Amino acid sequence: MNFVVLLRFLAISGALGLIPTTWLQFSFKLQDRRPYRRLFDVYASESIMPKVPSLQLSESSMAFNRPLSPQDLLSTNDLSIQICNNVLEDYSMTGNWQAAEQVICLMNERNISPDELTYSHILSAYLKGNQVISAEEQATEMIRAGYMPERSMLCALIVMLGKSDMPHRAERLFHRIVSESKNASSVDLYDAIITAWSCSSSA
């Protein structure tokens, strides 16, 4: 009976990360004919392991099996910049810039100031939604606020401006980045502006 208790303790400890998984795998490499093999499998199964609840953004998001929408945020009393940024991150990955703009309007109504993540998620949503002018304006506003966008997004934006036959706007953004960034000598930025001009009919 004591061995059964030991097996249960080791199974639960391994599942909680208290004991290295590799040690458990070595210790319990039992043959199928061993009577305790099935006992260990039962104790290590999800059926008896404690369920760890997933972290919820707020009470209004509980039981939602989907990202929060701007309408969900309207009913959230404890709205914070962290909640807004989590929602904006979902929109940035899908390019849903319309919903992202609704979140920004709601933030303005609630007097919630954007931070670096907010600007970055909005810029990403514009880029993936092919909203070139809005993306350029967002990048400029982000730089003006004291935040430098990720280099990969800046390069993508410069090339998109060139492909949209707006190389002069691409070059203006390029010079602004160079003047504001401490690491503006990166080759990829220069490659991007060259590509922007080569893609444009104005070249």
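Colleague: How does the reach of α11 from its first C-alpha to its last stand against the span expected at 1.5 Å a residue?

Modeller: Helix α11 has 13 residues and reaches 18 Å, close to the expected 18 Å; the expected span is 1.5 Å times one less than the number of residues. Helices are DSSP runs (H or I, at least four residues), numbered from the N terminus. This is a predicted model, in which local features need pLDDT of at least 70 and side-chain atom pairs count only at pLDDT 80 or more, while totals for chains, interfaces and linings use all residues. Residues are numbered from 1 along each chain as its sequence is written, and side-chain values use heavy atoms, with hydrogens and water left out.

Colleague: What makes the buried residues of α11 line one face of the helix?

Modeller: L189, A192, I193 and A196 are buried, where buried means under 20% relative accessible area, exposed over 50% and partly exposed in between (1.4 Å probe, protein chains only). Seen down the axis of α11, its buried residues fall within an arc of 95 degrees, so they line one face; the arc is that of the directions from the helix axis to the C-beta atoms.

Colleague: Why is the pair of F174 and Y190 called edge-to-face?

Modeller: Rings of Phe, Tyr and Trp (its six-membered ring) pair if their centres lie within 6.5 Å; planes under 30 degrees apart count as stacked, over 60 as edge-to-face and the rest as tilted. The centres of F174 and Y190 are 5.2 Å apart and the planes stand at 75 degrees, so the pair is edge-to-face.

Colleague: Why is F174 called buried?

Modeller: Its relative accessible area is 6%, which is under 20% and therefore buried.

Terms used:
Helices (H or I, at least four residues) and strands (E, at least two) are DSSP runs, numbered from the N terminus.
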